[in-house]
Every structure is written in C-alpha cells, then in structure tokens.
Amino acid sequence: MTFRLYDTATREVRDFVPLEEGKVGLYVCGLTVQSEPHVGHVRSGVNFDVLQRWLRHLGYDVTFIRNVTDIDDKILTKSADQGLAWYELAYRMKRELDRAYDALNVAPPTYEPAATGHVPEMIELIQLLIDGGHAYAAADGSGDVYFDVRSWPQYGELTHQRIDDMEAAEDADPRGKRDPRDFALWKGRKDSEPETASWPSPWGRGRPGWHIECSAMAGKYLGSAFDIHGGGVDLRFPHHENEQAQSRAAGQRFASYWMHNAWITTAGEKMSKSLGNSLTIPAVLQKYRGIELRYYLLAAHYRSHVEFSFDALDEAAAGFRRIESFLDRAGDVAAGELPEAFVAAMNDDLGTPAAIAVVYDTVRQGNAALGNRDDATPYAAQVRAMLGVLGLDPADPVWAGAADDQRLTDAVDALVAGLLEQRAQARAAKDFATADAIRDRIKAAGVEVEDTPDGPKWSLA
RNA sequence: GGUGGGUUGGCCGAGAGGCGAGGCAACGGACUGCAAAUCCGUGUACACGGGUUCAAAUCCCGUACCCACCUCCA
C-alpha cells in the first residue's frame with residue numbers, strides 16, 4: 001500500500017514517489033512572527049507535524065525545513081506602533097509560537113531557518129535571476145528589484161492562472177515596474193524604516209521581498225529539487241506561485257508535490273481578520289488542554305474548512321476523554337501494531353478523520369473486552385500505537401503537567417480515600433442516604449466518584 | 001473579471017455510483033442499592049430543479065446561497 005497525497009499543482013490525489021528512495025525533503029512555510037499565534041496558525045503546524053510523523057512511520061528519512069519570516073512590512077509597522085524594536089517584537093512572537101507548538105505537541109522540524117539569517121543567499125539568488133534576464137532593478141532609483149513575470153512563460157502554472165486574467169492589485173504602486181504583476185525580490189530601504197532593518201546589497205541598502213526567502217532557504221537546505229512543499233491555502237497565490245517561478249527561473253526543479261491546508265474560520269471569518277484575542281493559543285489553553293485542541297484539529301481533514309466553535313471543541317474534548325478513559329482502565333500497555341484500516345486511512349492523503357474512526361472502533365472493542373473481563377491488552381496496544389502516530393498519546397511525557405501535579409494528586413487521593421472509606425461503611429450497612437451524601441459532598445468539591453468492579457475511583461469532574 | 005472550494009441527520013464531521021464512517025447529544029435496554037462509566041439497540045442525512053444509470057449524497061446540466069485567493073495573511 002502506497003502513500004498517496006493530494007497535489008495542489010495537479011489537483012489530484014496521487015502516489016507519493018520520493019526523488020530519492022527512502023528520503024523525503026519537506027519544506028513548509030512557517031509564520032510571519034508579528035502577532036500572537038491563534039488557532040488557525042497552529043492548524044498548519046499540527047497538520048504538517050502529522051505528515052512528518054507519518055512519513056517517519058513509513059520509514060522515510062525526513063528532512064523537514066520550516067521557515068520563520070522575521071522581517072516584513074507588518075513587523076515593521078506593528079513594532080513601531082508598540083514602541084518596540086522590530087527584532088524585539090519578532091523574537092517575542094517567535095517564542096510565543098514555540099510555546100504554542102510545544103503545548104500542542106508539534107515536534108520541531110529538522111531546522112527552522114529565519115529570513116534575516118539568509119540575506120546573502122537571497123542576494124545571490126536575485127543576482128542569478130538578474131543575470132538570467134528574469135529580474136531587474138527598478139528604473140526609478142528606489143533600490144527595488146523586481147521579478148519579471150513576463151520573462152517566465154510558465155508563470156501561473158501552479159495555480160492555473162493566466163497573467164492577463166489576473167487583477168492587478170489596486171494599491172499596486174508602479175514604482176518602476178514593467179508589469180503590475182511583477183513582484184519585489186528586494187525592497188530598497190525607505191527613510192521611514194529603521195537602519196537595522198536593512199542590509200547592504202548590490203542595489204543599495206534594503207531588505208528582502210517576502211517570496212525570495214523561501215526559495216533561497218529551500219534551495220539551501222533541501223537542494224534544487226525536493227519532494228513536498230506545504231503551507232496554508234492562502235499562500236498558493238501569490239506566494240507559492242512566485243516562489244516556484246523564481247526558483248525555476250533560477251534553474252531549479254523545486255518541489256514535486258504541493259500541499260495546502262484549509263482555513264479555520266470563526267463566525268465565517270478568517271481568524272486573521274476577526275476579533276482575535278479569545279482565539280489565541282494561550283487563551284484557548286486556559287480552558288482546554290493542548291491534547292484536546294490537537295485532537296479537535298485532527299478530527300477534520302486537513303483540506304477541509306473548519307468553522308471553529310467552542311461548542312464543537314467541547315464535543316471533541318468529550319469524545320477524546322472516552323479514548324483516554326479506556327486507556328486508563330486498560331492499564332499500562334505498550335504501543336503495539338497499527339490496525340490495517342488505520343494505515344489505509346492515513347495513506348489516503350492523511351485521512352485523519354477515518355483514522356480516528358478506527359481508534360473509536362478499537363476503543364469500543366476494548367471496552368467490551370473489559371466489560372467481559374477479557375483481555376483488553378491487544379486493543380489498548382493498538383490504540384496507543386494509533387494515538388502515538390497522531391501525536392495524541394496521553395501517556396506521552398510531553399503532555400505531563402507541572403512538576404507538582406503528582407504531589408497534588410497524592411494529597412487529594414489521601415483526602416478522598418478517607419471519605420470513601422466512610423462511604424463504603426455506609427453502603428455496607430445499606431445506609432444509602434449517608435453514602436450518597438458523602439458522594440455529593442465530594443462532588444461539590446469537583447471530584448467525581450465512580451464505582452467500578454475494582455472499587456470506587458475518583459476523577460476531576 | 002480570473003482561479004479554487006463548499007452546502008451531509010439536533011450538532012460536529014467523513015465518504016465520493018450499489019451493505020447508513022466515526023464522534024457529541026437524545027431515547028430504550030443490560031449492568032448498578034442509586035448513579036457514573038461501559039456495552040447493546042434506536043435515525044428513512046446528503047442545498048434546490050432537471051437528467052444519465054438497473055442503481056446517485058456521489059456522475060452530467062442548470063439554479064440558489066456561502067467562502068477563499070488574485071494586496072499582507074496558516
């Protein structure tokens with residue numbers, strides 16, 4: 001059974017064939033670190049994390065590069081508004097993003113290059129494009145350098161558009177462009193911009209355009225041809241189209257497959273546009289555990305649009321707790337083999353919803369075994385294996401809370417044990433009124449008691 | 001104007017010609033002193049109108065509504 005994935009460029013699900021057997025080069029456009037990460041941002045991180053994990057499971061040696069854009073117009077304006085140095089804001093948000101990824105068990109990529117660390121590589125690439133007749137320095141003395149869209153007949157091939165059909169940006173400032181669709185490879189420094197946000201170049205001081213960084217970094221770390229390039233749908237055009245045009249015009253083959261994850265909206269709006277604060281990762285994590293949010297994100301296919309709501313997140317969390325409680329009841333079991341149906345689902349363009357359905361089927365069988373006092377170990381082993389691949393294994397130490405959690409648990413356990421002892425005595429004497437009163441009292445404190453064949457168990461409500 | 005996507009049961013969310021994914025909720029049953037948990041069972045869902053087919057939520061044509069990209073955006 002081969003791994004198949006949807007390729008945006010060909011618009012079809014096709015067999016994944018790596019350039020080099022056993023190896024995968026993966027490049028994903030990371031974030032522009034200009035504001036606190038929200039649920040939408042993190043979806044991309046989670047989706048490509050699952051891709052990475054699945055490829056590794058399949059035995060591939062994966063080189064995963066995910067960049068960080070740490071210089072751009074927004075960072076410049078926002079930092080100025082907030083009275084911060086641009087690099088200070090970018091660095092703060094970068095750390096915030098790392099925390100969000102950690103909280104959601106998004107494993108780090110092989111390397112995470114930052115745009116500002118690769119200016120020489122970008123200059124080199126731009127020079128190559130100029131020499132090849134695909135780019136030119138603006139004639140207006142602005143210091144800008146543009147990619148010449150008309151010089152690249154295949155321009156538009158990734159998103160299947162023709163240059164003449166495209167609307168020129170309304171705010172398109174001609175600034176010496178030969179065609180309104182030409183885009184900046186290098187932006188000459190403006191007097192309003194801080195000196196620190198510019199680098200020397202053959203065209204004067206300035207800073208890189210957005211698209212060129214990915215071409216330069218992908219080329220540097222993955223070579224002139226690599227397997228998969230990913231990002232959010234919004235990046236298809238212009239970003240990815242431009243990246244591909246630049247890289248190919250510079251003589252590279254670039255990506256074999258293009259993957260794009262869909263949006264998360266709230267109230268029908270893109271998160272980047274809407275209100276915001278309540279949907280930042282730190283805010284959501286005050287009410288939900290990271291593992292629950294990750295599960296919610298994976299319960300929908302990565303190419304499906306998700307309308308975010310806390311009600312839906314509640315439901316997802318309730319479902320996930322059932323999986324956890326099965327694992328809990330089944331006891332300490334090592335991860336085993338993956339069920340075939342699960343593998344088939346994942347191989348089919350990362351079908352996490354179908355894969356999760358297999359998890360539930362297995363949980364149900366396991367619970368039934370437990371109910372019959374049969375051996376549930378094989379089921380629990382499969383469930384743990386599946387959750388492991390999805391990065392959702394509750395037993396994984398990454399989900400462990402603060403260090404004093406265990407001490408707190410022990411303290412509550414001792415306290416509750418005394419009350420349960422009294423309740424047991426009341427029940428033995430068939431004094432159910434007293435027994436229930438004790439249970440109610442415990443519940444009022446936020447602790448629920450369940451009677452199981454192995455005696456009463458408590459958990460946080 | 002160009003390009004791409006969507007509309008599935010009370011809710012979330014898969015599927016993509018032929019036994020009703022899965023979850024949440026609800027209801028009934030088993031278990032329980034009662035609960036909880038768990039298991040078993042219960043649903044004539046596929047925006048609308050045509051068409052193709054032995055068979056359509058799935059294909060074709062048309063209509064409506066929604067969204068994204070074409071400017072920074074995961």
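Select E121 first. In this predicted model, E121 has a relative accessible area of 19%. That counts as buried, because the cut-off is under 20%.

Which residue forms a salt bridge with K220? The partner is E121, and the closest N and O atoms are 2.5 Å apart. Colour the two helices next: E121 sits in α4, K220 in α5 (residues 210-222). The pair therefore ties together parts 99 residues apart in sequence.

Move to R66. Is R66 buried or exposed? R66 is buried, with a relative accessible area of 5%. Show E112 as well: the side chains of R66 and E112 meet in a salt bridge, 3.4 Å from N to O. This pair also links distant parts of the chain, 46 residues apart. R66 belongs to strand β4 (residues 61-66), while E112 lies in the loop between α3 (86-103) and α4 (119-131). E112 counts as partly exposed, at 21% relative accessibility.

Go to D7. Its relative accessibility is 1%, so D7 counts as buried. Bring up R14, the salt-bridge partner of D7. Their closest N and O atoms are 2.8 Å apart. R14 is partly exposed, at 23% relative accessibility.

For the last stop, select D73, K187, K190, E193 and R207 together. Salt bridges link these residues in a network. To continue on your own, display every salt bridge: the structure holds 33.

Methods. Residues numbered from 1 in each chain as written. Chains lettered and ligands numbered in written order. Predicted model: local features only at pLDDT ≥ 70, side-chain atom pairs only at ≥ 80, totals over all residues. Heavy atoms only, no water. Salt bridge = Lys/Arg side-chain N within 4 Å of Asp/Glu carboxyl O. Buried < 20%, exposed > 50% of the residue type's maximum accessible area, 1.4 Å probe, protein only. Helix = DSSP H or I, 4+ residues; strand = E, 2+ residues; numbered from the N terminus.
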